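Hi,

Here is the structure I promised to pass on to you. Please open it first, and then read my notes alongside it.

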There are 2 protein chains.
Amino acid sequence: MKMKQVYFITENESKFKEARLILQNIKLVMKDLKLEEPKTLDQEQVVKNKAEQAFQKLKKPVIVDDTGIYFSEYKIFPGTYTKTLFQAIGFKGVEKLLDKANRDAYFKTIICYKDGKTEEIFFGIWKGKIVKEISKKFNPDWEYNSIFVPQNFNKPLSEISLQERAKFSHRKKALAKLAKFLGGKNAKKY
Amino acid sequence: MKMKQVYFITENESKFKEARLILQNIKLVMKDLKLEEPKTLDQEQVVKNKAEQAFQKLKKPVIVDDTGIYFSEYKIFPGTYTKTLFQAIGFKGVEKLLDKANRDAYFKTIICYKDGKTEEIFFGIWKGKIVKEISKKFNPDWEYNSIFVPQNFNKPLSEISLQERAKFSHRKKALAKLAKFLGGKNAKKY
């Protein structure tokens, strides 16, 4: 039987590789489309909107994902503004927003799978805390990883190996749900 | 001589009226178009992008304006995220971002005039300070007016009459520059 082909929309090779490891029962193809970023605080709306854009361009099954961090102190923030907020106010500003307050935070990944018949949404969350001290391990693509300490760990995400992360991460959880939905031999593991 | 007709793109009647008072030498027509909000911290890019959208829809001369507040503590923030930031973190969060720090802020209006031949940008700024105490006069369309005290005033913007504001406001300054550009009898006043 021919494997189903699905386009994973990203410009990020490592995200694609992580997804391919988990979605073993489909033929996953990386595709870098320039999609518009809708301006909204609603993360689910972002992935749905982008999946729609991607599907309209390709007319083939697509997967779009989005990850944001949320500070429990606020309702839905920064979420879809995760990257922008950091660009604008940096670690100093983030620390001010949280200072002396509730330090709880979580990462949330939302994945949207869309084909001509169906649109499905999958969530994954990883809870933790924002610490004051900034890790020396800093990746400009994942700024908050240097100040986010996941629950059951005592070091920031940027210092945790990919292997360790894979067991708990928000993206992994969302991908696992998607794998289950898509079915096949790998689905049972999740 | 027939007056030049220009479309002022807004859903806000009072903005339109203010503009019409200043732009007396053109026939200003209010038009509520649903334009996409580009997701960027660059306010000039926002108005240019929206003027382009509006011009493509109408194929007639258009005016698009955008106003944001900027906290001097940060480089370009919240600016294009003025509304979103308030929705997400409210007065409490804004106060945290500024607490014990530089309280200087300014409003900035950028107007883009666009027709088939030219695209022109006009700025207006009004400096002031963010105060801790929130004015009892609150307008949900202009949240920051309740905490912004303009220079040369000793009360927040929400308590200042429209007549008084008209002499100093960011929007007025930008509109006056536009009036000068468009020429005609009213242009000399500015």
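Below is what I found, going from the pair of chains down to single residues.

Please keep in mind that this is a predicted model.

**How the two chains meet**

Let's start with the interface. Here, 15 residues of chain A are in contact with 15 residues of chain B. Sorted by class, chain A's side of this contact is made up of eight nonpolar, three polar and four charged residues.

How are the two copies related? Two copies of a chain are related by a rotation about an axis and a shift along it. In this model, chain A is superposed on chain B by a rotation of 180 degrees, with 0.0 Å of shift along the axis and an RMSD of 0.0 Å. That is what a two-fold axis does. The interface residues fit this picture: 100% of those in chain A are also interface residues in chain B, so the copies meet through the same surface.

**The helices at the interface**

Helix α3 (residues 82-98) of chain A packs against helix α3 (residues 82-98) of chain B, with the axes 8 Å apart and an angle of about 130 degrees between them. An angle over 145 degrees would count as roughly antiparallel, and 65 to 115 as roughly perpendicular, so α3(A) and α3(B) are oblique to each other. Their crossing is right-handed.

Chain A has an open sheet of six strands with mixed pairing, in the order β2-β1-β3-β4-β5-β6. From one strand to the next, the twist averages 35 degrees. Within the sheet, β4 (residues 104-114) and β5 (residues 119-130) of chain A pair in the antiparallel sense over eleven bridges. One bridge to find on screen joins A:Cys112 to its partner in β5(A), A:Ile121.

**A few backbone details**

Most residues other than glycine have a negative phi, and most peptide bonds are trans. With that in mind, have a look at the bond from A:Phe77 to A:Pro78, which is cis, with omega near 0 degrees. A:Pro78 sits in the loop between β3 (62-71) and α3 of chain A. In chain B, the bond from B:Phe77 to B:Pro78 is cis too. Finally, A:Lys59, in the loop between α2 (43-58) and β3 of chain A, has a positive phi, near 55 degrees.

Enjoy exploring!

Technical notes. Residues numbered from 1 in each chain as written. Chains lettered and ligands numbered in written order. Predicted model: local features only at pLDDT ≥ 70, side-chain atom pairs only at ≥ 80, totals over all residues. Contact = placed C-beta atoms within 7 Å. Nonpolar A, V, L, I, M, F, W, Y, C, P; charged D, E, K, R; others polar. Least-squares fit on C-alpha atoms with pLDDT ≥ 70 in both. Axes fitted to C-alpha atoms, helices over the stretch in contact; angles between N-to-C directions. Helix = DSSP H or I, 4+ residues; strand = E, 2+ residues; numbered from the N terminus. Parallel < 35°, antiparallel > 145°, perpendicular 65-115°, else oblique. Left-handed = near helix turned anticlockwise from the far one by under 90°. Pairing = 2+ DSSP bridges.
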